[in-house]
Amino acid sequence: MLTLTRRFRPGSPGPRSPASRTAGWLAMAAAAAVLAACGSGGGSSSSPGAAPSSSASVLAGGSCASSSATKITFWAWVPGIDRAVTAFNKSHHSICVTLEDVGAGSPEYVKISDALKAGSGAPDVAEVEFDELPSFEVTHNLVNMAKYGADAYKSDFVPWAWQEVSQGPAVYAMPSDSGPVGFYYNAKQLAASHITPPTTWAQFAADAAALHKADPSAYLTNFAGSDLQWIMSLMAQDNAFPFAYAGGSKVTINWTGPAQMAFASYWQNMLAKHELNTVTDITATAFADMDKGIDASWISSAWGPSYFAPDAKSSVGNWRAAAIPQWTAGASTAANWGGSTYPVFTQSAHPAQAAQFSEWLTATDASWNIVKTPPSSLFPTYVPLLNSTSFKDLTYPISGSSTPNVAFTAAAPNISSVQWPPFMTYALTEATTTFAGVMDGKETLQQAFTTFQGQLVSYAKQQGFTVST
């Protein structure tokens, strides 16, 4: 019997989507209060987080255009998404959506989980990150949106995103934003070091060694060892993703197989030689290192530049985006880091209307014309926008006259779908401490993988899962 004790991380929802990161930075001052209010045995997160409000903040839809409109409650934390809610309400007079922000990531998931257990109080629709979706699927709390026409939108999304929100003919959420990974680099610095963007990981390792040897104070990049999602995105690109799960009570956990150990060995070889920086990712220190030339590049998601931009000063205009290096020369395998979906919960009294809103929000030009712009700045899984020349040709001051979206949009369709386990919150909690020793050189990445394997297998079995390794 599956018990699935949801163990939530206090503080930040973690570095998984641009929306949750933005909320995290805005709530930095409240981080200490979050740690006290949300603690339930989990470890602290690697970056500051959004504090769950004692009462929801209504951001849009507080008043309805028609008193007879069906009222839908929507929980989300994407900055500026209230603009889309307002547009929907203006064009759909029979439905009135009220947007509430109850906290970004884990704080929201805590409130949803508590409401589902209590039998009332859950939203009709909510923002749920890709990796957290299976945790709600396994407890049968999500509506199969196919019965409300969601399956008609399949071709409008990149294949991997649709695969991660569906099981067979069932559709449990609409996909929204994502984070294709690229090689984001300081073109001026690499040129001065006579380095071109590496096209293979073998070349990447050679460049890392050469740059650090020439200047011991500089590194090709930072290794974000405390960020499990970053590590797993690169593992997926290396065909070493450590989980397999297709619903039900069976799950595969494999952090110690040949592919996983080979992946760990590749990075550990550079770490052991101190050829990589090892500061905590997505912090003022990490961004300062990039701006000052300590780190010449960042293996980053498509949303990464927008997070670095406010901290960039001396290097503004120098940054460019290229494809992520490949394990096999000439290949084009991509990786994804972050992104959100919008499911309808079974507690909803109006699932048809809730599904209609979720479908409009994620699968229409009207919505994307809003949320692609600041302050939302979402990177789409929506194919019509990915194919748009105007989107590809966008420029940003930090990247000068270059067009970074060209590299990121090219990667988007080449991402492989992964199967997230239904206990990612627990995994993210444990990873914070399990991988800490890798950053300070007290343990190898292989040792951390082995420890993590034991922790996850033990937890999954305790929750009633049948585990394959």
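Strands β9 and β10 pair in the antiparallel sense over 2 bridges, where helices (H or I, at least four residues) and strands (E, at least two) are DSSP runs numbered from the N terminus, and two strands pair if DSSP finds at least two bridges between them. This is a predicted model, in which local features need pLDDT of at least 70 and side-chain atom pairs count only at pLDDT 80 or more, while totals for chains, interfaces and linings use all residues. Residues are numbered from 1 along each chain as its sequence is written, and side-chain values use heavy atoms, with hydrogens and water left out.

**The sheet of β9, β10 and β14**

- In the pairing of β9 with β10, the bridge partner of Phe243 is Ile253 in β10, and in the hairpin of these strands, which has 5 residues between them, Gly247 takes a positive phi near 95°.
- The open sheet is formed by 3 strands in the order β9-β10-β14, and its pairing is mixed.
- Strands β9 (243-244) and β14 (466-468) stand at the edges with a single partner strand each, so one side of each is left without a neighbour in the sheet.
- Strand β10 (residues 250-253) runs parallel to β14 and is joined to β14 by 3 bridges; Val251 stands opposite Val467 in β14, and Thr252 has Ser468 in β14 as its bridge partner.
- The covered face of β10 carries Val251 and Ile253, whereas Lys250 and Thr252 belong to the uncovered face.

**Parallel pairing around β2**

- Strand β2 (residues 70-75) runs parallel to strand β3 (residues 95-101) and is joined to β3 by 6 bridges, with Thr98 in β3 as the bridge partner of Thr73.
- Between these strands the chain passes through helix α3 (residues 82-91), and this β-α-β crossover is right-handed, a term that applies if, with the strands pointing away from the viewer, the path from the first strand over the helix to the second runs clockwise.
- Strand β2 also pairs in the parallel sense with strand β4 (residues 125-126), over 2 bridges, and there Trp75 has Ala126 in β4 as its bridge partner.

- The 14 residues of helix α8 (residues 201-214) should span 20 Å at 1.5 Å a residue, and the end C-alpha atoms of α8 are 20 Å apart, which agrees; the expected span is 1.5 Å times one less than the number of residues.
- The buried residues of α8 are Trp201, Phe204, Asp207, Ala208, Leu211 and His212, where buried means under 20% relative accessible area, exposed over 50% and partly exposed in between (1.4 Å probe, protein chains only).
- Seen down the axis of α8, these buried residues fall within an arc of 120°, so they line one face of the helix; the arc is that of the directions from the helix axis to the C-beta atoms.
- An α-helix has 3.6 residues a turn, so residues three or four places apart point the same way.
- On the other side of α8, Ala202, Lys213 and Ala214 are exposed, while the buried residues of α8 pack against β8 (174-186), α7 (187-192), α9 (228-237), α10 (258-272) and β11, a contact being heavy atoms within 4.5 Å.
- Helix α13 (residues 351-363) has 13 residues and reaches 17 Å from its first C-alpha to its last, close to the 18 Å expected at 1.5 Å a residue, and its buried residues include Phe357, Glu359 and Trp360.

**Aromatic pairs**

- The whole structure holds 46 aromatic pairs, counted where rings of Phe, Tyr and Trp (its six-membered ring) have centres within 6.5 Å, with planes under 30 degrees apart called stacked, over 60 edge-to-face and the rest tilted.
- Phe223 and Trp230 form an edge-to-face pair, 5.3 Å centre to centre with 85° between the planes, and both residues are buried.
- The rings of Phe379 and Phe408 have their centres 6.5 Å apart and their planes at 80°, so this pair is edge-to-face.
- Phe379 lies in the loop between α14 (365-371) and α15 (383-386) and Phe408 in helix α17 (residues 405-411), so the pair ties together parts that are 29 residues apart in sequence.
- Phe379 counts as buried at 4% relative accessibility, and Phe408 is buried with a relative accessible area of 1%.

**Two buried positions**

- Ser300, in strand β11 (residues 297-301), is buried with a relative accessible area of 0%, and among the residues that Ser300 touches, not counting those up to four places away in sequence, are Tyr184, Trp337 and Phe408.
- Ala224, in the loop between α8 and α9, is buried with a relative accessible area of 1% and, not counting residues up to four places away in sequence, touches Trp230, Ile231, Asp281 and Met439.
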